[in-house]
Amino acid sequence: MAQSPSESPCQSPSLPPIELHRLGRRPYAPVWQAMRELTDRRDAETPDQLWLVEHDPVFTQGRAGKPEHLLMPGDIPVVQTDRGGQVTYHGPGQVVLYPLIDVRRSRLGVRDLVSGLERAVIALLAEQGVEAWARPDAPGVYVNTGVGEAKIASLGLRIRRGGSFHGVALNVDGDLSPFQRINPCGYAGMTMARLADFVDDCPEVAAVGERLAECLARELGREIVRNEARGTRG
């Protein structure tokens with residue numbers, strides 16, 4: 001069943017705006033390391049941040065990732081990471097949104113943040129005329145391809161020292177064939193989808209990312225301030 005994009009898991013009107021950092025296209029490992037470093041040095045003055053990035057091709061394994069879900073990685077590197085979940089693919093044509101948020105200060109539970117990310121994707125897709133929904137048994141966002149259900153956004157989080165990192169990946173217009181080399185999120189035969197297959201004039205990845213960040217901020221009851229420095233300030 002589709003969730004209403006107007007429902008918000010948490011309202012935090014007294015909190016300062018979230019900084020939006022647009023990183024462009026980057027390799028996965030340095031961005032992951034930067035997220036870990038920011039989380040480890042986070043203190044009461046560290047601003048909450050949203051990072052938007054488009055990664056070079058990579059498979060990432062979650063902490064509980066099972067090797068049998070990597071079928072034929074081939075020439076695409078595999079990174080053992082520390083998020084939740086199983087294996088997924090990141091690559092060009094996919095927008096990844098990383099919320100680096102002090103969840104204790106924001107009074108957010110893990111389920112609140114997961115639901116907020118899912119609802120943000122659902123709201124964005126609804127603006128494009130695409131109906132989508134979340135599933136209680138498998139985090140992420142799903143759509144109907146006409147021949148069955150497919151996953152259009154994958155989600156994995158980590159909470160450490162009261163701060164969140166990792167996030168959600170939404171397929172916009174990229175090549176989906178690398179997903180055939182894995183069992184996406186640990187589900188054999190799972191069909192993956194992308195926004196470009198549902199709309200005649202698909203927005204660019206950067207524009208989709210900006211709107212996704214705005215939708216998440218709205219779900220969390222926060223404002224956004226855009227940080228023009230393309231870095232990872234803590």
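Biologist: In what order do the 8 strands of the open sheet come?
Modeller: First, a word on the source: this is a predicted model, where local features need pLDDT of at least 70, side-chain atom pairs count only at pLDDT 80 or more, and totals for chains, interfaces and linings use all residues. Helices (H or I, at least four residues) and strands (E, at least two) are DSSP runs numbered from the N terminus, and two strands pair if DSSP finds at least two bridges between them. The pairing in this open sheet is mixed, and the order is β7-β8-β9-β10-β6-β2-β1-β11.

Biologist: Which are the edge strands?
Modeller: An edge strand pairs on one side only. From one strand to the next, the twist averages 25 degrees. The two at the edges are β7 (132–135) and β11.

Biologist: What is the bridge partner of His 21 in β11?
Modeller: Strands of a sheet pair through backbone hydrogen bonds, either parallel or antiparallel. For β1 and β11 the sense is parallel, over 4 bridges. In β11, His 21 has as its partner Asn 227.

Biologist: At about what angle does α3 run to β6?
Modeller: Axes are lines fitted to C-alpha atoms, for helices over the stretch in contact (heavy atoms within 4.5 Å). The angles run from 0 to 180 degrees between N-to-C directions. Helix α3 lies across β1, β2, β6, β10 and β11, and its angle to β6 is about 35 degrees.

Biologist: How far does helix α3 reach from its first C-alpha to its last?
Modeller: The expected span is 1.5 Å times one less than the number of residues. For the 15 residues of α3 (205–219), 21 Å is expected. The model comes close to that, with a reach of 21 Å.

Biologist: Which residues have the most contacts inside the largest nonpolar core?
Modeller: A nonpolar core is a set of buried Ala, Val, Leu, Ile, Met, Phe, Trp, Tyr and Cys residues joined through side-chain atoms within 4.5 Å. Buried means under 20% relative accessible area, exposed over 50%, and partly exposed in between (1.4 Å probe, protein chains only). This core has 43 residues, and the ones with the most contacts are Leu 97, Leu 125 and Leu 170.

Biologist: Which element gives the largest share of this core?
Modeller: Nonpolar side chains tend to be buried together in soluble globular proteins. In the core of 43 residues, the largest share is 9 residues, and these come from α2.

Biologist: How many disulfides does the count come to?
Modeller: A disulfide is a pair of cysteine sulfur atoms within 2.5 Å. Cys 202, partly exposed at 22% relative accessibility, has its closest cysteine sulfur in Cys 215, 15 Å away and therefore too far for a bond. Across the model, the count comes to 0.

Biologist: Where is Cys 185 found?
Modeller: Most residues other than glycine have a negative phi. Cys 185 instead has a positive phi of about 55 degrees, and it is buried, with a relative accessible area of 18%. Its place is the loop between β10 and α3.

Biologist: And what is the relative accessible area of Arg 161?
Modeller: Arg 161 sits in the loop between β9 and β10. Its phi is near 55 degrees, again positive in a residue other than glycine. Arg 161 is partly exposed, and its relative accessible area is 45%.

Note on methods
Residues numbered from 1 in each chain as written. Heavy atoms only, no water.
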